[in-house]
Amino acid sequence: MAFQILLNIIISFSWMFLKNEWTFADFFVGYFWGLVIIFAMKNFLPGRFYFERIIAAGKLLFLFLKELLLANVQVIRDILRPRLDIEPGIFAMPTELKSEWEITLLSLLITLTPGTLVMDVSDDKKVLYIHAMNITDADQAISDIKNTFEKAIMEVTR
Amino acid sequence: MTETISIFIGVIVLLGALLSLITTFGLIRLPDVYCRSHAASKSATLGVLFVLVAALLYFWIKDGFFSARLVLGIIFVFITSPVAGHLISRAAYYTNVPLWDKTVQDDLKTKNKQKIVKEIKNS
């Protein structure tokens, strides 16, 4: 991915050299043509077309903001309810993600999802231990959310 | 600066302040460290975020001054506060801070205990 971005920047600089004009707008036009060229040559380059990944990252950011808002609504509801009606617990969740970078991102996202907080990652990096505020209604819903998060992260990284 | 925009910014500031207040209620009311850390790591993040966004918008619209430092601040708070919540609750668990009585499930207990004990002794 980094290689493709670098290639794209080199192409846009060659565009600026060809036009002999040194403005940001020309850089942008060159970048656009570089994107077209890289898209045309994507079968010869290693990895996926990188712009797809950038779009996936944007989707992930959007998902993150949405979950943050939902998480807060739920926490506020739990706190302000007159009778404290929570059932906390710790459950284990197996994960398919491999690299440390992906696992860090996943635990950040989980921590900001409704009612869950990552407590520990097992030593072989296959299980996440998560503290949930409402474990009864959460189990199924949480595994769904995890699937969407894990999928979104995989879209970005591979 | 038009009236609607200033009202909008005011609402954002008040929401942020309200969220911080609710976080404080949560810290007082909730029964154990782990539940408190839920409240602290979520509502406080969004509360600070709202206040910073409102400050950013205010100076941008009023003075035409776009403060990149506030944007950086938002990003830093976003990244660091869940990590802090995680580390605090993890440290609490491994120094044997008890869970609440009504806690229903504890999968972490079955994790290899000896290794953890060794880890604590070494540190």
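Buried means under 20% relative accessible area, exposed means over 50%, and partly exposed lies in between (1.4 Å probe, protein chains only). Keep that handy for the views below. This is a predicted model, where local features need pLDDT of at least 70, side-chain atom pairs count only at pLDDT 80 or more, and totals for chains, interfaces and linings use all residues. Residues are numbered from 1 along each chain as its sequence is written, chains are lettered from A in the order in which they are written, and side-chain values use heavy atoms, with hydrogens and water left out.

View 1. A salt bridge is a side-chain nitrogen of Lys or Arg within 4 Å of a carboxyl oxygen of Asp or Glu. Here the two side chains meet at 3.0 Å, N to O. A:Asp120 is buried, at 3% relative accessibility, while B:Arg90 is partly exposed, at 25%.

**View 2. A:Asp26 pairs up with A:Lys19.** Their side chains form a salt bridge at 3.9 Å, N to O.

**View 3. B:Lys62 joins B:Asp63 in a salt bridge.** The closest N and O atoms are 3.6 Å apart. B:Lys62 is partly exposed, with a relative accessible area of 46%, and B:Asp63 counts as partly exposed at 46% too.

Over all chains, the structure holds 3 salt bridges.
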